[in-house]
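Please open the model in your viewer and keep the sequence panel beside it. The stops below state what to select and what is found there.

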Amino acid sequence: MATRPPVSMPKLTRRSRILLSIGGAALLVLMLGSRVIGTYVDWLWYGEVEARNVFTTVLITRVALFFAVGLVVGGAIAISLIIAYRTRPVFVPVASEEDPLARYRSTVVARVRLFGIGIPVLIGLIAGATAQAEWETVQLFFNGGEFGRVDPEFGKDIGFYVFNLPFYNWLISWGFVVLGLSFVAAGATHYLFGGIRLAGRGGAVTNAARIQLAVTAGIFVLVKAVEYFVDRYNVLLSGRNDLFTGASYTDLNAVMPAKLILMSIAVICAIALFAGVVMRNLVLPAIALVLLLVSGILVGSAWPFLLERFSVSPNAIQKEAESIERNMQETRYAYGLEEDRVKYIDYEGAAEVSAQDVANDTTTMPNVRLLDPSILNKTFTQQQQRRNFYGFPDSLDIDRYTIDGKKQDYVVALREIDTGALAENQQNWISKHLVFTHGNGFIAAPANTVQAASEEAGGQGGYPRYMVNDTTTKKSAINVDQPRVYYGELMNDYAIVGSPESPDGEYKGEYDTPTETHRYQGSGGVPIDSFFHRLLFMVHHGERNILFSDVIGDDSKIMYNRNPQERVEKKAPWLTVDGDSYPAVIDGKVKWIVDGYTTTANFPYAQKTQLGEAIETTRTGARALPNDKQISYIRNSVKATVDAYDGSVELYAFDEKDPVLNAWQSVFPETVTPKSEISEELEQHFRYPEDMFKVQRELLAKYHVTNPATFFSGEDRWSIPSDPTMSGAGGEANQPPYYILAADPQKPDAAEPQFQLTSVLTPYRRQFMSAFVSVSSEPGNYGQMTVRRLPGDTQTRGPQQVQNDFLSSSKVSSEINILTQQQTQVTYGNLLTLPVADGLIYVEPVYIERTGQESSFPQLNRVLVYHGGKVGYAANLKDALEQVLGEGAGKTTTEQVGAGENPAEPAEPAKPAKPGEGSAEMQEAADDMQAAAAKLFQARKDGDYEAEAEALGELEAAREQYDEAKTANGG
């Protein structure tokens, strides 16, 4: 019995179609409206930083990929559906009186255009939206070049693996998607309309269905053959062996031949499928598919498994030696650890250092860093915050400056605006976005000293010796022309600047000092002077005041994306940005310096590293790198600066030989400035980036050996010690590397100290010390790494053991116990390892802080020193050294200055101005300074930290008023 398809269902009325169209349009606006607005807001921002070519290139590439892939995928499915529908049987045979597919068939026939167009369009949209995310892969394929280095197996340039191979893999994967979906679409259509019948004895397939499905499957298998061929190159990125990345013995001798065999079988299988079209039966194609499946199991899986199990595993050292050698060579190149960049020095380490040795040292010991930037946030906040709405990052930074011919490292920070700390009465929209718009001040403190030892100042010493440079205070040899900070690490909200004072007095301008306001005059920000732009940002931020506020004027601008790292990431989306940016004064301007990396995960034989895990320490940067990102190549190819006042972003090519950087410069021409344009003063402030050093030391722990057998056995493997200053003498996270100013390890007799990044390495899962690694940040030998290897037959104590020695010292433990019993929190600062005269000296500052008081903050209380089994524990470095090494050892250490040299703390109350020496305003301010200073000394005598902080604020305010009055009187 046969029947025609059931009568079609009634169509929608005109009114229903209109309502559905309106509903669909409204839904589309809701879905796409915010994205369109966000895109235009980004367009405006890219115009601010003069990088619209980046925006347009990325947008055009994404749109092109969206439509190209969408049209290919959707078009292939549409063609497959059309062919299957037009070759359907005229009369649909049924297996029973109640056809289970009749209802679905009638629905499709009634709306054949809806299904025939809607399904391909929907799938095409999904495919396009997925494909557009791979814009980087496509751009690198069209713009990539050569590395000038070939892989050790095929002799192909590394550029093929980095730039071309990812694109080929991407094309093949989309080929599978297109053919797979086309096959499913054709099969479902033929089944629905009777071209494929599963009922009855053995079922039945019409000729049209057989031809279409066989041809589609044949093409699919041909693509599989291409994949087998391309996969031979992917084998060089293999992770089969847990010990190393790259093609192992099994990969080279089983997997690669298997790929060629399977490729040949796949071609034969495809021919069999095409032959099935002519032969009009499915027996031969079925046999071919079974052959492909069985051979994939036997040749592709079983053979490599058996070879690995019975040949490689029992003789792994000999079998894997060649692959390990390749992995070692390529890893050192890919991570910048080759011989021209890393120098190994045999260092005694355990040598006894005499008092005379230390006294003769004029580079390391005078610059021992006592201030820990990861601890001093609260100290800077309490003593230099001045107003509740200012703040400092959780971890401060280290940089160096040369003043009066002397190079010195400093703890540096910007006094930024922190709108999250506004008081309740300051939380209104105008205050948050138009009044408190910017920070004020560059704060620096010499890292090797404090204003006075704690006990020498009656317990009130141990604080940084501040050098302040803001709009009212110029007590710093570091000249800053514009100390206002509109872009910083704490600024996560928008600000509207440049607005004039309102006629009604409601808005008086941006807060600058207690007596003055500021109107922004810089180039930063996006103009918001038109109705359209105000409407746009009102919708974008969901804030109606942006549209209706009378305070916003013709010259007003809106600032957003104000975090320096975020600005660099957006201008250079191809960079991986270091987690720690830092401020520096360059030619009188405050600039954020941000390190940018070019990376890839497709460097053949180079070890793959989980980026987030490698950089994880007890001091990870403000913006941690993505934890799931794998890399096998990294270069610090770009140094970026962000102006703290106008937000301008400059990208400088720092490694101009990097092929990945060159490829991206082809994609975004004129975005990166040549290295020759880097000013000498800017170069003086470049630091070797911390995150890159963490990755390198992680690999150096394994790849310092040169013998494959030693590498395989792991007998000389090193490890990174955990931070001993966390949780007493224990800790899980790695010890962070430390910036220090010390002697040049390759020229120890040089008179000039070198700013360097250092780390200790210990034997694998042991605590003795194996090596001391340092890398230079000096322009003359930037990036030169020195590894001091300690003898393997000695047991030089490592950081954990030294910390245990500190805490087990009877003098130290007794004083610490007394402090903790007096509601005092003890915090251990950075444990520095310092090579001196073929020996090692350990120095660690100890901070104390009152517990249970919100306004308390850390204070340097003691200094710990260790050498040769002896522990020194004193109020200053000089005394601690002499306890360990004898009299005269502290001769060259930096003396701690009197309290009067600290801008935040006068030695004695300020004297009021004498009659006739100034105006009434100066006299009043002097009286206020006298009262505030007296209050400060009394608060410190009483140990009242809250009153102390309040007195400091009053003292600074009075000093500002005095300076202003003095200036007004021509002083």
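Select residues 633-643, which form strand 25: eleven of its eleven residues are buried. Buried means under 20% relative accessible area, exposed over 50% and partly exposed in between, with a 1.4 Å probe and protein chains only. Helices (H or I, at least four residues) and strands (E, at least two) are DSSP runs numbered from the N terminus.

This is a predicted model, in which local features need pLDDT of at least 70 and side-chain atom pairs count only at pLDDT 80 or more, while totals for chains, interfaces and linings use all residues. Residues are numbered from 1 along each chain as its sequence is written, and side-chain values use heavy atoms, with hydrogens and water left out.

Two strands pair if DSSP finds at least two bridges between them. Within this pairing, I593 has T641 of strand 25 as its bridge partner. Then select strand 26 (residues 649-653), which runs antiparallel to strand 25 and is joined to it by five bridges. Here T641 has E650 of strand 26 as its bridge partner. Strands 25 and 26 form a hairpin with five residues between them, and G647 in the turn has a positive phi of about 75°.

Move to residues 531-541, helix 15, whose buried residues are H533, R534, L536, F537 and M538. The helix is followed by G542, which has a positive phi near 65°. Now centre the view on F537. Which residues does F537 touch, not counting residues up to four places away in sequence? They are V41, L44, V526, I528, G542, I546, I558 and Y560; contact means heavy atoms within 4.5 Å.

F380 and F537 touch the most other members of the largest nonpolar core, which has 177 residues. To this core helix 2 gives the most, with nine residues. A nonpolar core is a set of buried Ala, Val, Leu, Ile, Met, Phe, Trp, Tyr and Cys residues joined through side-chain atoms within 4.5 Å.

Two bridges join strand 18 to strand 19 (residues 557-559), and P527 stands opposite K557 in strand 19.

## The largest pocket

Select L32, R35, T39, L59 and Q132, which lie nearest the centre of the largest pocket among its 25 lining residues. On a 1 Å grid over the protein atoms alone, a pocket is an open set of points where a 1.4 Å probe fits, with protein on both sides within 12 Å along at least five of seven lines; lining residues have an atom within 4 Å of a point. Helix 1 (14-48), helix 2 (52-86) and helix 4 (112-131) each supply at least two residues of the lining, and helix 1 gives the most, with nine.

## A buried glutamine

Finally, select Q696 in helix 21 (residues 690-703). Q696 counts as buried because its relative accessibility is 1%. Not counting residues up to four places away in sequence, Q696 touches Y335, G336, L337, Y688 and M785.
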